[in-house]
Amino acid sequence: MSPRLACACAALAAAGALAGPYDQPYALVEGADRSATREEFPAAITRIDGESTRNTRKPDPVAPGKHKVTIRFETSRVAQGPSETTRDLDMVLEACTRYRIAAARKGAVDWEPKVYTEPIAECKRKFAKGG
């Protein structure tokens, strides 16, 4: 292989390695904001597909499709066991969509996840079909 061809191949390989999570359609899964009116609290996003997240409030972008999202919410009101603090959600994530997950109180200890969605305009513009 000639030195020029070797350099060209190395440059192409390096360029492919630099592709980031925002270079293709993506989804975001985040903890929702606190709402006193709805009695909702931010849930920690602790795992996506079994992999621990680096930031429990705003994890890295995720490829669209089916995913298992593990969330955690603890209250200081009473002692809670693991089954009371953690929930697994099977979710189908759509491209260019932000998912905000809140922990909605149902009682002193009991809570349920509430998922709110919104489009990610920048992603939709960047990956618009036919545009």
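Buried means under 20% relative accessible area. The views below show a predicted model.

**View 1. Trp111, a buried ring in strand β8.** Trp111 has a relative accessible area of 2%, so the residue counts as buried. Strand β8 spans residues 111-119. The charged end of Arg87 sits over the Trp111 ring, 4.2 Å from its centre.

**View 2. The stacked pair of Phe41 and Phe73.** Three aromatic pairs turn up in a search of the whole structure. In the pair of Phe41 and Phe73, the ring centres are 5.6 Å apart and the planes meet at 25 degrees, so the pair is stacked. Phe41 belongs to strand β2 (residues 40-42), while Phe73 lies in the loop between β5 (65-72) and α2 (82-85). The pair therefore ties together parts 32 residues apart in sequence. Phe41 is buried at 17% relative accessible area. Phe73 is buried too, at 8%.

**View 3. The edge-to-face pair of Phe73 and Trp111.** Phe73 also pairs with Trp111, edge-to-face. The distance is 5.7 Å centre to centre, with 70 degrees between the planes. This pair links distant parts of the chain, 38 residues apart: the loop between β5 and α2 holds Phe73, and strand β8 holds Trp111. Phe41, Phe73 and Trp111 make up one aromatic cluster.

**View 4. The largest pocket and its lining.** The volume of the largest pocket is about 160 Å³. Its lining divides into four nonpolar, three polar and four charged residues. Ile48, Asp49, Glu51, Ser52, Thr53 and Arg54 are among the lining residues. Pro59, Asp60, Pro61, Val62 and His67 also line the pocket.

How values were computed:
Residues are numbered from 1 along each chain as its sequence is written. This is a predicted model: local features need pLDDT of at least 70, side-chain atom pairs count only at pLDDT 80 or more; totals for chains, interfaces and linings use all residues. Side-chain values use heavy atoms; hydrogens and water are left out. On a 1 Å grid over the protein atoms alone, a cavity is a set of points where a 1.4 Å probe fits but cannot get out, and a pocket is an open set with protein on both sides within 12 Å along at least five of seven lines; lining residues have an atom within 4 Å of a point. Grid points are joined across faces, edges and corners, and a volume is the space filled by probe spheres set on the points. Ala, Val, Leu, Ile, Met, Phe, Trp, Tyr, Cys and Pro count as nonpolar, Asp, Glu, Lys and Arg as charged, and the others, Gly among them, as polar. Rings of Phe, Tyr and Trp (its six-membered ring) pair if their centres lie within 6.5 Å; planes under 30 degrees apart count as stacked, over 60 as edge-to-face and the rest as tilted. Helices (H or I, at least four residues) and strands (E, at least two) are DSSP runs, numbered from the N terminus. Buried means under 20% relative accessible area, exposed over 50%, partly exposed in between (1.4 Å probe, protein chains only). A charge sits over a ring if NZ of Lys or CZ of Arg is within 6 Å of the ring centre and within 35 degrees of the ring normal.
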